[in-house]
Amino acid sequence: MASTASRREGLKGNTYLTNPALFGFWEEAFLGDNDIAVLHGGRSSSKTRDTACQLVRLVDHVGVRMRVLCIRRFQNRIQESVYTELKWAIAHLGLTGVYDVQKATIIHIPTGSEFIFYGIERNLEEIKGTSDVDILWVEEAEKLTEEQWTVIGPTIRKEDSLAILLFNPKFVTDFVWKNFVVNTPPHTVVRQINYMENPFLSQKALRDIAVMQARDPELFEHVYGGVPLGDSELSIFKRRWLDACVDAHKVLNVNLTGRNVIGFDPADDGEDKCATVDKIGGVFTGAEDWTSGKDELVQNAKAVWARAKNAGACVSYDTIGVGAFVGGYIDEQNEQHRASVEHYAFHAGGGVMDPDEPSDVSNANSPLNKDEYLNLKAQAWANTARRAMLTFNAVTRGQPIKPEDVISFDSAMGREKLDALFTELCVPWWVETEGKKRVVPKLKLKKELGVKSHNLADALIAADNINMASAPEAFFYLSKRHR
């Protein structure tokens, strides 16, 4: 890449047109011995525009030919890439005379330096074959997987080359968050920036942000505060609680008991997946999800029945939508095979159980269940989350806990499976309807965060909230469905 003097000149000449709060970050990125620069934070923080300006000005000042590779996960059209932001930066910096903005690339006329654009999902092999790259700019890097980075990372081979990763944190389990922010590798500079440090925000933008902060402070913390899901008060479940629940029965030396349960969240087609979670002997031992084709509900119900029969378990299933028919299919299998697999329907939208009892079993002065929760789903999520918190306190702080309050996940499930399950549990947050708590609707999750349905989590909640003979004090969340 270019000399240090040229790069410093570019930074200084750019300061008054860019965010001064990031000058130190770019100085470390361009002038230090770093190979990777990571810029993360909430929305409206100037990350993308500042990066575009710095690269446009840098290329203009270095005086040598450079190649800048700009990538993001999906790019169906060139306008969906950072191409548009670079065009804006060129005009903003008054450099339209030295750049040739073409349909699919941008060329710096004096040096022949070029900006090239790819979408990772459709062009991974082309990216792998790209050579002579000086700067790699990964936009929306929160979606980057370890497998993709293994392919993309080596494109930065040249001495003094630099990878720039920009992202709004999404989940604490994301590859980029875990491997570049939490566990920062050598020769990497990391900077968090949020909207408070963006001097260019309009008053309209600031008013809109203030509205979200007042209306939904937890969501605000994630969207504009840059706090990943599972690590903030936004989530019903906290990731630290769930991590502490892995092998909790062994750590606490508690013998857990209870009937074996297969939690089942059925689906037939579309984006939703079928999911099962196994709770065997009081411990969560397995979780599976799979794509279901249209009209495969009967086949899926039969498979779950067989699994339950082999495990000596009952089935607890979500009865919303196609789930309403699961009990009948299980009865058919029982009749055909002279078996007795019990099944319980989880009526998520139904009324709360024990409506006139305190919502916090340890606090008689807490609001009544009927005043705290809108429906059975909210009550069940709260019950499991409460026990996860109690288990966390017992494991990490030595606080006393009743055996029936312990939640434990078998480590033999494997890290990948546990990560998938924990991520889904950490996604939903509380919203209010009629002054009562409810789990955020899945449509809102998809619209605001692009998050798909949390099927594994729903299967776990169904498995965990069932009348257990060995725990008579447990909530009777489920009613048996008889045909």
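Is Lys437 buried, exposed or partly exposed? Lys437 counts as partly exposed, at 28% relative accessibility (buried means under 20% relative accessible area, exposed over 50%, and partly exposed in between, with a 1.4 Å probe and protein chains only).

Before going on, here is what you're looking at. This is a predicted model, where local features need pLDDT of at least 70 and side-chain atom pairs count only at pLDDT 80 or more, while totals for chains, interfaces and linings use all residues. Residues are numbered from 1 along each chain as its sequence is written, and side-chain values use heavy atoms, with hydrogens and water left out.

**The chain as a whole**

- The chain holds 18 helices and 16 strands (these are DSSP runs numbered from the N terminus: H or I of at least four residues for helices, E of at least two for strands).
- Of the 483 residues in the chain, 53% are buried.
- Take the contacts between residues at least 6 apart in sequence: 71% of them join residues at least 24 apart (a contact means heavy atoms within 4.5 Å).

**Back to Lys437**

- You'll find Lys437 in strand β15, residues 436-439.
- Leaving out residues up to four places away in sequence, Lys437 touches Glu372, Tyr373, Leu374, Ala378, Trp430 and Val431.
- One of those, Ala378, is 59 residues from Lys437 in sequence, yet their C-alpha atoms are 6.6 Å apart in space.

- Strand β9 (residues 261-265) runs parallel to β12, and four bridges join them (two strands pair if DSSP finds at least two bridges between them).
- Across that pairing, Phe264 stands opposite Tyr317.
- β12 also pairs with strand β13 (residues 343-346), again in the parallel sense and over four bridges.
- Here Tyr317 stands opposite Ala345 in β13.
- To get from β12 to β13, the chain passes through helix α13 (residues 326-337), and this β-α-β crossover is right-handed (that is, with the strands pointing away from the viewer, the path from the first strand over the helix to the second runs clockwise).

**Aromatic rings**

- Searching the whole structure turns up 13 aromatic pairs (rings of Phe, Tyr and Trp, using the six-membered ring of Trp, pair if their centres lie within 6.5 Å; planes under 30 degrees apart are stacked, over 60 edge-to-face, and the rest tilted).
- One of them joins Tyr195 and Tyr224 edge-to-face, at 6.1 Å centre to centre with 75 degrees between the planes.
- Tyr195 sits in the loop between β8 (188-192) and α8 (203-215), and Tyr224 in the loop between α9 (217-223) and α10 (239-244), so the pair ties together parts 29 residues apart in sequence.
- Tyr195 is buried at 13% relative accessibility, and Tyr224 is buried at 12%.
- Phe284 and Phe409 make a stacked pair, because their ring centres are 5.1 Å apart and their planes are at 20 degrees.
- Phe284 is in strand β11 (residues 283-291) and Phe409 in the loop between α15 (376-397) and α16 (415-426), so this pair ties together parts 125 residues apart in sequence.
- Both Phe284 and Phe409 are buried.
- Phe25, Trp26 and Phe30 form one aromatic cluster.
- Arg49 lies over the face of Trp88, 4.0 Å from the ring centre (a charge sits over a ring if NZ of Lys or CZ of Arg is within 6 Å of the ring centre and within 35 degrees of the ring normal).

**Helix α7**

- Helix α7 (residues 175-182) has Phe175, Val176, Trp177, Phe180 and Val181 as its buried residues.
- Those residues pack against β1 (36-40), α6 (146-152), β7 (162-167) and β8.

**Two positive phi values**

- Most residues other than glycine have a negative phi.
- Arg338 has a positive phi near 50 degrees; this residue is in the loop between α13 and β13 and is exposed, at 83% relative accessibility.
- Asp354 has a positive phi of about 45 degrees; this residue is in the loop between β13 and α14 (369-372) and is partly exposed, at 38%.
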